[in-house]
Amino acid sequence: MNLPAIRLVEVGPRDGLQNEKAVMPLVAKVAFVDALSAAGLKEIEAGAFVSPAAVPQMADSAEVFESIVRHEGVVYSALVPNEKGLDRALDADADKIAVFTAASETFNRRNINASVAESIERFKPVLERTLKMELPVRGYISTAFYCPFEGKVAPEKVLPVAQKLLDMGVEELSIGDTIGRAVPDDVRRLLELLLKSVPAEKIFLHFHDTYGMAAANALTAWREFSISGFDSSSGGLGGCPYAPGATGNVATEDLIFAFKASGARVPADLAKIQAAAKALEPKLGRGLASHLSKIDLTSVPPSSRP
Ligand code: HMG
Ligand code: MG
């Protein structure tokens with residue numbers, strides 16, 4: 001079977017660090033993004049231009065963008081909730097914008113103080129401007145499988161949001177399992193519906209790993225549906241401050257291991273990614289969540305090393 005090469009979007013500097021208790025110093029954030037660039041990752045969500053009162057950990061995103069060393073061929077994107085966020089992201093010279101809404105009303109209200117329809121209204125001027133500038137935009141749809149407040153979310157609730165975002169001009173969708181509760185059957189059900197009208201290459205899946213199912217979910221999406229786009233966070237950092245009980249994103253290194261072991265082409269250096277995340281540990285005040293961060297690969301005999 002000719003399955004597509006994997007396209008990873010590294011969201012550790014944004015989704016990862018936004019939910020850490022310890023506020024990471026600017027210099028550590030910059031070193032993290034630089035190390036991820038040097039590890040061969042091609043897209044890095046480097047920060048968020050949201051209200052600093054809502055998410056204090058992202059308050060210095062402008063400084064992060066200003067201080068990183070931009071590698072050629074790497075896209076440095078930014079999360080924005082509204083036009084004010086877009087202005088800030090443009091000032092910071094972000095290469096790509098990510099807007100975000102949800103498939104469930106309660107989560108969206110808690111997250112960005114808007115209904116799903118209102119949040120899409122807010123994106124209209126953002127998208128009008130980015131389209132004129134030919135700046136690429138991704139659209140996140142959170143709680144596409146489960147909502148922390150409303151429970152299971154039907155695929156039929158996700159599809160109209162996806163269609164609306166695509167009609168408005170977003171280049172790709174990132175479909176979020178915000179609380180990391182989905183299992184492969186949930187992934188199958190949603191993709192069976194979405195792929196009737198959305199091309200596979202426009203879909204990225206954004207798995208949090210609360211129940212340890214993220215790699216299984218990603219492999220299911222790739223093998224059975226030829227989905228090649230996945231979001232992940234080095235070290236398995238973070239989570240969403242507005243999703244109680246949810247842990248971090250699937251770890252980039254764990255996902256790379258799972259894909260490489262399954263025969264996929266993944267253009268990134270596993271050992272360098274491991275090291276980039278490890279360097280944050282002293283400042284995090286806790287150990288990293290990823291499986292691979294617990295293994296010293298140099299102590300593994302070469303014959304069984306990944
Ligand atoms: P609001 O209070 O309804 O908005 O918040 P507002 O327009 O009334 O503004 C309130 C204050 O925020 C004002 O300041 C604005 O100027 C300021 P004040 O007059 O009180 O001094 N403000 C801003 N400041 C800086 N940058 C901005 C901005 N916008 C307003 N862009 C708002 C609405 C959306 C702004 C707020 O709720 C917010 O910023 N929320 C952020 C939520 C967030 O970042 N959540 C985490 C990311 S989403 C996620 O993690 C899920 C994802 O990973 C996918 C998945 O896992 O499912 C993407
Ligand atoms: Mg997330």
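## A buried histidine and a magnesium site

His206 has 5% relative accessibility, so His206 counts as buried (under 20% relative accessible area; exposed is over 50%, partly exposed lies in between, with a 1.4 Å probe and protein chains only). The model is predicted: local features need pLDDT of at least 70, side-chain atom pairs count only at pLDDT 80 or more, and totals for chains, interfaces and linings use all residues. Residues are numbered from 1 along each chain as its sequence is written, chains are lettered from A and ligands numbered from 1 in the order in which they are written, and side-chain values use heavy atoms, leaving out hydrogens and water.

Asp15 (OD), His206 (NE2) and His208 (NE2) coordinate the magnesium ion (ligand 2) at 2.0 to 2.3 Å. Donors here are N, O and S atoms within 2.8 Å of the metal (3.2 Å for Na, K and Ca); water is not among the atoms, so sites may look incomplete. Along the chain, the donors follow the spacing D-x190-H-x1-H.

Both histidines count as buried:

| Residue | Relative accessibility |
|---|---|
| His206 | 5% |
| His208 | 3% |

Now the whole protein. It has 12 helices and 10 strands (DSSP runs: helices are H or I with at least four residues, strands E with at least two). Of its 306 residues, 57% count as buried. Its C-alpha atoms fill a box of roughly 55 × 45 × 35 Å along the principal axes. Contacts count as heavy atoms within 4.5 Å. Among contacts between residues at least 6 apart in sequence, 74% join residues at least 24 apart.
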